[in-house]
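Please keep the model open while you read.

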4 protein chains.
Amino acid sequence: MIKVGIIGAGRIGKVHITSICTRVKEAVIKTVADPYMNEETATWAKGMGVEHTTKEYKEIIDDPEIDAVLICSSTDTHSPISLEAIRAGKHVFCEKPIDHDVDKIKEVIAALEGTRLKYQVGFNRRFDHNYEAVQQAVAAGKIGRPEIIKITSRDPEPPGIDYVKSSGGIFLDMTIHDFDMARFLAGCDATEVYVQGANLVDPAIGEAGDLDTAVITMQMENGAIAVIDNSRRAVYGYDQRAEVFGSEGMVAMENDSQSSAVVSNAEGVTKEKPVFFFLERYLEAYGKEITAFLDAIIKDKETPLTVADGLKPVLMGLAARKSYEEHRPVKIAEIM
Amino acid sequence: MIKVGIIGAGRIGKVHITSICTRVKEAVIKTVADPYMNEETATWAKGMGVEHTTKEYKEIIDDPEIDAVLICSSTDTHSPISLEAIRAGKHVFCEKPIDHDVDKIKEVIAALEGTRLKYQVGFNRRFDHNYEAVQQAVAAGKIGRPEIIKITSRDPEPPGIDYVKSSGGIFLDMTIHDFDMARFLAGCDATEVYVQGANLVDPAIGEAGDLDTAVITMQMENGAIAVIDNSRRAVYGYDQRAEVFGSEGMVAMENDSQSSAVVSNAEGVTKEKPVFFFLERYLEAYGKEITAFLDAIIKDKETPLTVADGLKPVLMGLAARKSYEEHRPVKIAEIM
Amino acid sequence: MIKVGIIGAGRIGKVHITSICTRVKEAVIKTVADPYMNEETATWAKGMGVEHTTKEYKEIIDDPEIDAVLICSSTDTHSPISLEAIRAGKHVFCEKPIDHDVDKIKEVIAALEGTRLKYQVGFNRRFDHNYEAVQQAVAAGKIGRPEIIKITSRDPEPPGIDYVKSSGGIFLDMTIHDFDMARFLAGCDATEVYVQGANLVDPAIGEAGDLDTAVITMQMENGAIAVIDNSRRAVYGYDQRAEVFGSEGMVAMENDSQSSAVVSNAEGVTKEKPVFFFLERYLEAYGKEITAFLDAIIKDKETPLTVADGLKPVLMGLAARKSYEEHRPVKIAEIM
Amino acid sequence: MIKVGIIGAGRIGKVHITSICTRVKEAVIKTVADPYMNEETATWAKGMGVEHTTKEYKEIIDDPEIDAVLICSSTDTHSPISLEAIRAGKHVFCEKPIDHDVDKIKEVIAALEGTRLKYQVGFNRRFDHNYEAVQQAVAAGKIGRPEIIKITSRDPEPPGIDYVKSSGGIFLDMTIHDFDMARFLAGCDATEVYVQGANLVDPAIGEAGDLDTAVITMQMENGAIAVIDNSRRAVYGYDQRAEVFGSEGMVAMENDSQSSAVVSNAEGVTKEKPVFFFLERYLEAYGKEITAFLDAIIKDKETPLTVADGLKPVLMGLAARKSYEEHRPVKIAEIM
């Protein structure tokens, strides 16, 4: 039985608590820590089967009984707590991104070296049924050699401006998922990134030094060209699609909606909008990623998304930012 | 906290155990009874949080601590155990059909009279996201007054011949769900049924006195015409669709599949088949029906599918059988 | 070069004039006759390349230069003019139905006997790209042996009440196309028909002794069950769909719409309604049916829809009417 | 009655001959000229209603009776013949591109100045039902202000290598249609182009100095970002899609296929591939563009695609080539 500690009991922390308590028989949550831990959250957590709650994450780090730590706290704490947990001999699941600073991620990589500890980074979309089916079709050779990879990723509405300011910018906050997806679908790394970006959704985002609309082109190592289009606001819902075109065909996926019901009337033929909220859209995927992490510990095998998989999209995000600022294609090698 | 006893730990019993243990905070399962209870099932149930397992369902009936009973045993036991449970003062959730014999269902109705006990029959499809969306569109007036209701319901493969023999026939075993759905979508009862049936899938089914293919037409009380088409074998998967056409439009739903991925290649443009297994297709619906039952107990309100809702589809099934045998339209009133 | 005479220059006559003038190099239209022939129509026809127009159809019958006659006049003239044309030694293309009276169709059959004249009846839908693809999939064995055939056929709006009164009723006017389609898709005849009908769209239709809503079940000779659903009013457009389910799969077709454009916005995900007008929906099919008729003459081969194919749907329509009146299944043999 | 001369009787010339002869009452084709005019083509043309055929295009230029000239000959003759025709006082419809050389297009523009002659360039896709519906949705404000425009344009198979060598390269030969489409959908010009290109389909194309795979990003004047993805080989057919995303929604279109038939069987749920051949895909659009050209002459109004609309995509194509060669974003202003 694996004993788990969870640091951060915000909405994503709660998703992981629920997943572990309802899906994973081989794990129990011993402690949940959150600096804002309150009565309501503590009661909820205990109802789910959590043994103990606290405001102090050090209790988790210092607890020799705890085998694995989930880091669901704010981004700036991801790499420092990763280091503490690794040094305390614990397996780590860390939400994305590990850090905005490449050197700090390299410290985590260095800390893991020589240990047998598992480290997984939280790119949940790889565990989504649609993306997974696209990737499997590519891996099974159904479309031949990939040549063009297209990823559409548009949020239903922009985050609050305070969040934008501390987010590290659209490329490290939002596109980072799509950078990971490009690697997942291509089966290789990117070598170069070019950004055509704009501030079209909310002037406040531009004033905060960020973009809200972007088309990002990437050269992939295997010769394919990948292109991501991002917007911070799609009024019709969370738009999450992908398409891989290759020498022998194409595989594409559509959005999920709440039901398949279609109404035909005098106005037209209307189906439901895509699911609006990312936690709803990816609920199943969040469950599968945590199951995969715990399974890697139990079976002592590599996690499906290692610390290196956490580093690469950060490099792509930094290259994208540089491309936007210098208005030119930027090689990933320039960042490393 | 509601204490639940579950009678029958076959596949549908296990689905309900899982639902209650993972979804419903206000209920615990005290006892699971099954005449074939074995080590494996007992261990699994305890791992899920069940307190006690037994081979003897009477332990549940006789346990004054148990508030509610789920009857998931074989069909012939549904009405007798319903009566026992009601007489012991317990709320009952009973899998469909309550009985093949109308008089026995009437005994259950009589037993409930004057009590405040809740009784719910297991027509899970009403809780499915797709059917629910169709019904809500109708109820919201989006298609005007219903005029034609079409239900397609085809199993992926025929059941074993032993099952067929004890099933009560296709109308009470399989179409019964569609009869309930016709009532749900029309918002009223049927008054007459006509069957065009055939034995096309497996001669053994015909030899057992049953059909495997049928088109069933119904006159609904509100003037609409409903039509169901059934087959015991759809090689492409579990085919579950519905369409309601009305004075101001139409609403229709499609099958669910595992993912939205579509492969375009030299062979064509191919998407995934419908989900094959009914437990997979309706897993979410099973969870929602149990939640609704327990919620009716907690809030002391009527269940969404009362014992009367259990009777009506049996009447329709018996009328359908009579229509097939006598090759003529049969009024529901002829059965009652 | 085939010389053609066209009797009836209403909207369907005009469609055939256009088709022959723009698609068929091996035929010219010598004469178009219509009792209501006016300046405008005459000018239009001559602009299309028609040599001569007249109010008198006898000019066509009596013209020894004319090889083939298209009968596009009112239904009551179809069989008398067919007889005149056949007796004058002319090939005949006749709009549906040949007659409401079986005996009169039999006279046409008798008149054709011993001649080498071609006769084709105008069931245009067999030439539609969608129905054709469904039929070809069935004929190619892609779905195994047909077991359930479903045809949806709903007009966008009811005809005027004067038309209804002279139409022969919904089964001979509207469903007759679907009866032909059932034969086409099943690859065999029907043996029995059962109707569940209603008057839901317009009370005036009921007062005229007709229905406007119906579900028609048929037993086909090859064991399959066919079901048609009809309505005289689908507010979302001309609803024309079909599905054939068989031992090894299913083939289905959807409606055509003006474009594939889909708008996703705050209201939902909306595509265009089906094409509204039958001449627009089947324009291409009308061209192909006339081409097929002329091709049969040129190559001296059987037409794709012989006079016998014109008789069968009339028998089905009469059986349907009888079924509705007597509220019981009616065998086709009862009509013959 | 407009008298038309057609220069070039290859496949696109034949499409225009057919369109004018079957669709346009107000025009006749007096002369068709082609240096390779042979018996077969001449006979076919006369059968369609063409008065005269010749090998010598000067006969058209010099014929004072001819009002309008369609230039369907090889690309290198487009601008010289345009000049000759304009100087002879004739309206001109010219296939794309007018020229690979901007100066030569400017000569055509200069020649038109001060005349009342109509000039239309052959970007047929603007007349396609799908693209038209997308553009109309944008123009009608259904998606708010355009922010991201996506165009997928993939040929079913690469042209012969001889064609590639004389084509002016992928950007002037193939992408030029997509450049026009980006202008059409955005409702404005591009200011900058960036190309990520590759030679993945056929090494011979690369050896000929050309690309066969490209993702082209454009900054549009109205702030929107446009992105085109091109391939010279899509094994599943001619892939022609577009999507416009905006502040209040999205509009997208799919490919056309031969029918809507879908086969569901043990292999999956399979619909038809997109139409393979561009003449089949755009047959209707070719008819509509010629009708629009002749209508502009008749009504003395501006053509929907003027000589300026012919220049802009050439500038974009030259910028794209420069971007590919210099591996940087290139402003359109650098080309002019």
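## Ground rules

Contact means heavy atoms within 4.5 Å. This is a predicted model: local features need pLDDT of at least 70, side-chain atom pairs count only at pLDDT 80 or more, and totals for chains, interfaces and linings use all residues. Residues are numbered from 1 along each chain as its sequence is written, chains are lettered from A and ligands numbered from 1 in the order in which they are written, and side-chain values use heavy atoms, with hydrogens and water left out.

Helices (H or I, at least four residues) and strands (E, at least two) are DSSP runs, numbered from the N terminus. Buried means under 20% relative accessible area, exposed over 50%, and partly exposed in between (1.4 Å probe, protein chains only).

## Thr191(D)

Thr191(D) sits in strand E8 (residues 190-198) of chain D. Its relative accessibility is 32%, so Thr191(D) counts as partly exposed. Leaving aside neighbours within four places in sequence, Thr191(D) is in contact with Gln219(D), Glu221(D), Val330(D), Lys331(D) and Ile332(D). Ala261(D) is 70 residues from Thr191(D) along the chain, and 43 Å separates their C-alpha atoms.

## The D–A interface

Here 40 residues of chain D are in contact with 40 residues of chain A. The size of an interface is often given as the accessible area lost when the parts come together. Chain D and chain A bury about 3100 Å² between them (accessible area lost on being put together, 1.4 Å probe, summed over both). Carbon and sulfur atoms account for 60% of that area.

There are eight salt bridges between chain D and chain A (a side-chain nitrogen of Lys or Arg within 4 Å of a carboxyl oxygen of Asp or Glu). In one salt bridge, the side chains of Arg154(D) and Glu243(A) meet at 2.7 Å, N to O. By class, the side of chain D that touches chain A has 15 nonpolar, 13 polar and 12 charged residues. Ala, Val, Leu, Ile, Met, Phe, Trp, Tyr, Cys and Pro count as nonpolar, Asp, Glu, Lys and Arg as charged, and the others, Gly among them, as polar.

## The D–C interface

Chain D puts 26 residues in contact with 26 residues of chain C. The area buried between chain D and chain C is about 1800 Å², with 54% from carbon and sulfur atoms. Lys25(D), Ser260(D) and Val263(D) supply 22% of the area that chain D buries against chain C, more than any other three residues.

How many salt bridges are counted between chain D and chain C? The count is zero. By class, the side of chain D that touches chain C has 12 nonpolar, nine polar and five charged residues.

## Helix H2 of chain D

Which residues of helix H2 (residues 39-48) of chain D are buried? They are Thr41(D), Ala42(D), Ala45(D) and Met48(D). These residues lie on the same side of H2(D), because they cover an arc of only 125° around the axis (directions from the helix axis to the C-beta atoms). Glu39(D), Glu40(D) and Gly47(D) are exposed on the other side.

The cover over the buried residues of H2(D) includes helix H1 (11-23) and strand E3 (52-54) of chain D. Just after H2(D), Gly49(D) takes a positive phi of about 115°.

## Ser323(C)

Ser323(C) belongs to helix H13 (residues 307-326) of chain C. Ser323(C) is buried, with a relative accessible area of 0%. Not counting residues up to four places away in sequence, Ser323(C) touches Val193(C), Tyr194(C), Val195(C), Arg328(C), Pro329(C) and Val330(C).

Note on methods:
Buried area = accessible area lost by both parts, 1.4 Å probe.
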